[in-house]
Each structure stands twice: as structure tokens, then as C-alpha cells.
Amino acid sequence: MNKQSKQMVIDALYKVVNSAPALYSQRNYLSPQTYQANDVSMQELSTWVNYANQVLDISYNHVGLNVIMSTKMMISQLVSQYGVSNIQRIDQIKQELIKLTQAILQY
């Protein structure tokens, strides 16, 4: 993997991490009952995870590192956890993506 490809993948992963839904993101406050006071909606989580998976797929197709697919499988497991809030899932996924960037830096 060349330096330019590595940097492109790392930059894309950081963009995914930085675009993660947050507790105080813009929301439709006309219908506040659709949100829990201390969590993000399942739709926000789902949309962001789909974005993350697309970036992981493109990254894998570009550089071919198996660690990318391992991270994608881990994200799938984290999303399907029972009894965990969406914001906790987001934090765990962000940690996995940051670990992935650190692993890619070592290649």
C-alpha cells in the first residue's frame, strides 16, 4: 500500500468518526416524543452505520487490508447489542474506527 492510498483511507475514516451523531445534533423538535432525552434515534444510528460501512467497503476495495473487513464485522456486532443505548453503540463504533486507523498507520 502506498503512502497516498493509506492517507486517503485514514482521512475517510476520520470523516466518518467526525460525522457521528451526537446527543445534541440538529433534530426535529416539533415532535420531541420521538427521541429519548439522552439518546440518538435508531434512524440516525442506522444512517451513520450505513455510511461507515460504505466507506469501509470502498477502503477495502482500494487497499485490500483484511483488518478493514474485521472492523466491519465488529461494527455489525456492536450495532446488534441488546440493552445498550444508541449513543453507547456510536462511541464503541468510533473507538473501533480509530483502532482501525491506528492499524492502517502501521502498514
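Modeller: Before we start, one term: a contact means heavy atoms within 4.5 Å. Also, this is a predicted model.

Colleague: Fine. How much of the contact pattern joins residues at least 24 apart?

Modeller: Take the contacts between residues at least 6 apart in sequence. Of these, 65% join residues at least 24 apart.

Colleague: What is the protein built from, helices or strands?

Modeller: Four helices and zero strands. From the N terminus on, the order is α-α-α-α.

Colleague: And how much of the protein is buried?

Modeller: The protein has 107 residues, and 36% of them count as buried.

Colleague: Let's take α1. Which residues does helix α1 cover, and what should they span?

Modeller: Helix α1 covers residues 3-18, which is 16 residues. At 1.5 Å a residue, they should span 22 Å. The end C-alpha atoms are 22 Å apart, so the two values agree.

Colleague: Which residues of α1 are buried?

Modeller: Ser5, Lys6, Val9, Ile10, Leu13, Val16 and Val17. They cover an arc of only 130° around the axis, so they sit on the same side of α1.

Colleague: What covers them?

Modeller: The cover for the buried residues of α1 includes α2 (42-63) and α4 (86-105).

Colleague: And which exposed residues are on the face turned away?

Modeller: Lys3, Gln4, Lys15 and Asn18. That face of α1 points away from the buried side.

Colleague: What happens at the start of α1?

Modeller: Asn2 makes an approach there. One of its side-chain oxygens reaches to within 3.1 Å of the backbone nitrogen of Gln4.

Colleague: Where does Met8 sit?

Modeller: Met8 is in helix α1 too. Met8 is partly exposed, with a relative accessible area of 42%.

Colleague: How far is Met8 from His62?

Modeller: Along the chain, they are 54 residues apart.

Colleague: Switching to Glu44. Is that one buried or exposed?

Modeller: Glu44 has a relative accessible area of 18%. Buried means under 20%, so Glu44 counts as buried. Glu44 belongs to helix α2.

Colleague: What does the side chain of Glu44 reach?

Modeller: The backbone nitrogen of Ser41, at 3.0 Å.

Colleague: Now charges. How many salt bridges are there?

Modeller: A search of the whole structure finds two. Side chains of opposite charge can pair when their charged atoms come close.

Colleague: Where is the one with Asp57?

Modeller: The side chain of Asp57 meets that of Lys72, at 2.6 Å from N to O. This pair links distant parts of the chain. Asp57 is in helix α2, while Lys72 is in helix α3 (residues 66-79), and they are 15 residues apart.

Colleague: How accessible are Asp57 and Lys72?

Modeller: Asp57 has 29% relative accessibility and counts as partly exposed. Lys72 has 23% and is partly exposed as well.

Colleague: And the salt bridge with Lys99: what is its partner?

Modeller: Glu96. Their side chains meet at 3.3 Å, N to O. Both residues are in helix α4, three residues apart, which means about one helical turn separates them.

Terms used:
Residues numbered from 1 in each chain as written. Predicted model: local features only at pLDDT ≥ 70, side-chain atom pairs only at ≥ 80, totals over all residues. Heavy atoms only, no water. Helix = DSSP H or I, 4+ residues; strand = E, 2+ residues; numbered from the N terminus. Buried < 20%, exposed > 50% of the residue type's maximum accessible area, 1.4 Å probe, protein only. Expected span 1.5 Å × (residues − 1). Arc of directions from axis to C-beta. Polar contact = N/O pair within 3.5 Å; in protein donor to acceptor, adjacent residues only side chain to side chain. Salt bridge = Lys/Arg side-chain N within 4 Å of Asp/Glu carboxyl O.
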